[in-house]
Amino acid sequence: MAVIAQKCPEIKVNVVDINPERIAAWETDELPIYEPGLLEVVKEARGRNLFFSTDIEKGISEADMIFISVNTPTKTYGMGKGRAADLKYVELSARQIARVAKTNKIVVEKSTLPVRTAQSIKAILDETSNGVKFSVLSNPEFLAEGTAVTDLLKPDRVLIGGEQTPEGLAAIEALTDVYAHWVPRERIIQTRLWSSELSKLTANAFLAQRISSINSISALCEATDADVDEVAHAIGTDSRIGPKFLKSSVGFGGSCFQKDILNLVYLCEHFGLPEVAAYWDQVIKMNDYQKRRFAQKIIHTLFNTVSDKKIAMLGWAFKKDTNDTRESAAIYVSDHLLNDHASVHVYDPQVPAKSMYADLNYLETRSPEENRAMLTVNTNPYDACKDAHAIAIITEWDEFKTLDWKRIFGSMKKPAFLFDGRNILNHEELRKIGFKVYAIGKGHQG
Ligand SMILES: NC(=O)c1ccc[n+]([C@@H]2O[C@H](COP(=O)([O-])OP(=O)(O)OC[C@H]3O[C@@H](n4cnc5c(N)ncnc54)[C@H](O)[C@@H]3O)[C@@H](O)[C@H]2O)c1
């Protein structure tokens with residue numbers, strides 16, 4: 001919405017949310033999310049044509065076009081628990097729009113939703129409103145966290161799905177006109193509703209599948225003296241495969257990949273396609289395996305026990321340049337290590353301690369008091385690593401590459417182990433310093 005406001009000064013954008021703290025933070029220079037370049041965009045438009053408010057009813061009344069961008073987490077209860085998307089917040093939004101709207105509206109699904117949700121939204125809108133006409137569009141968001149602003153400014157494509165009726169096609173054109181302020185028209189793809197909804201789930205499933213595919217090969221590389229980065233480079237130069245999303249790691253995280261694949265799996269089961277469901281489910285299973293394998297490697301290498309040993313974890317965010325920790329590998333790796341009674345010390349340049357404890361407490365593996373006692377949060381990497389038996393790199397923050405690794409080595413217990421879960425460091429240099437290095441997918445490291 002900030003980018004739309006920046007690029008379309010004549011359009012008034014009201015961002016409304018039920019969370020007053022978030023809305024208040026959008027009015028300051030400490031935005032509620034860390035995203036490179038976002039503050040500049042917000043500052044340019046804020047107070048001009050970009051406004052933040054908790055007055056949702058007023059926002060609905062004033063709008064010609066309403067983007068529903070609420071959260072759609074995996075269900076934690078009842079039918080479809082652990083798989084289906086929880087559409088509670090979307091439905092509440094639709095009911096509120098229907099109740100409040102007095103003029104015709106275009107309602108845009110910006111949240112990632114299961115296929116055919118637009119139909120449900122339309123039914124709620126049509127049957128609970130007072131004669132107001134609604135057009136429902138699907139406009140899934142393809143930005144990646146950490147590069148959100150550049151992705152939005154130069155998207156590979158914008159996807160708009162709508163009903164193939166005169167009103168539906170007119171609504172598609174109205175939204176196309178908004179994006180056409182800065183996106184070339186040939187990059188704005190117009191489809192039928194369900195194709196658009198399904199394309200978002202499919203895009204995330206394909207992206208995650210590439211990571212799980214290369215991670216599966218990383219395990220084989222370690223068993224066979226091959227090097228996963230060499231394999232990735234060799235296959236990535238094939239123009240049919242391409243080089244992106246072939247970086248082996250401790251496993252993917254983030255709020256979207258797992259939830260969207262689980263959703264796809266649930267849909268396939270629902271539509272009587274168990275083979276298709278099992279195929280995509282394996283992408284998640286492989287990711288869980290990769291996180292578990294990394295933690296087990298640490299325990300195994302540290303002479304089969306990490307009990308009362310200090311392990312430094314560098315990084316908690318699910319990837320660099322974001323403070324988002326949802327489904328981060330760090331949560332699961334630390335949970336495994338804490339189960340083996342390790343003392344885990346974490347440093348992350350952007351994630352506050354309260355998020356880390358909230359993430360761990362959410363797993364309910366142990367009490368919040370135990371998590372607090374066993375996990376320490378440091379505000380600089382050198383404190384986290386001092387007297388540690390091992391270091392685990394979890395997030396690929398650039399600043400980790402330029403740490404004073406000699407100083408860190410000097411302050412650690414020996415042998416000083418380092419587990420590079422992102423393959424971002426110069427392992428030869430580290431070995432020269434004296435570190436015992438384990439890197440993902442490097443079978444030749446001895
Ligand atoms: N985060 C991403 O990178 C990304 C990318 C593409 C798509 N998506 C999709 O976008 C959607 C939102 O994701 P997010 O990461 O921004 O989630 P989020 O949880 O950070 O934000 C959702 C916001 O919606 C608000 N909200 C909930 N119910 C509301 C209601 N009834 N009225 C007004 N506000 C309400 C919440 O308070 C919250 O601030 C999800 O469907 C997600 O899958 C996210």
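Let's start at Ser 334, which sits in helix α13 (residues 329-339). Helices here are DSSP runs of H or I with at least four residues, strands are runs of E with at least two, and both are numbered from the N terminus. Residues are counted from 1 along each chain as its sequence is written. The model is predicted, so local features need pLDDT of at least 70 and side-chain atom pairs count only at pLDDT 80 or more, while totals for chains, interfaces and linings use all residues, and side-chain values use heavy atoms, without hydrogens and water.

Is Ser 334 buried or exposed? Ser 334 counts as buried because its relative accessibility is 0%. Buried means under 20% relative accessible area, exposed means over 50%, and partly exposed lies in between (1.4 Å probe, protein chains only). Tyr 347, in strand β9 (residues 343-347), also counts as buried, because its relative accessibility is 8%.

Now look at distances from C-alpha to C-alpha. Ser 334 and Val 346 are 12 residues apart in sequence and 9.4 Å apart in space. Tyr 347 and Ala 170 are 177 residues apart in sequence and 51 Å apart in space.

Strand β11 pairs in the parallel sense with strand β8 (residues 310-314) over 4 bridges, and Ala 390 is the bridge partner of Ile 311. Two strands pair if DSSP finds at least two bridges between them. Strand β11 also pairs in the parallel sense with strand β12 (residues 417-420), again over 4 bridges, and here Ile 393 has Asp 420 as its bridge partner.

**Around the ligand**

Which residues come nearest to the ligand? Of the 21 residues around the ligand (a heavy atom within 4 Å), Asp 17, Thr 72, Glu 145, Lys 259 and Arg 326 come nearest. The table lists some polar contacts, meaning pairs of N or O atoms within 3.5 Å.

| Residue atom | Ligand atom | Distance |
|---|---|---|
| Ile 18, backbone N or O | nitrogen | 3.5 Å |
| Glu 145, polar side-chain atom | nitrogen | 2.7 Å |
| Arg 326, polar side-chain atom | oxygen | 2.8 Å |

Taken alone, the ligand exposes 840 Å², and the protein buries 82% of that (Shrake-Rupley method, 1.4 Å probe).

Key. A polar contact is a pair of N or O atoms within 3.5 Å; within protein, one must be able to donate a hydrogen and the other to accept it, and residues adjacent in sequence count only if both atoms are side-chain atoms.
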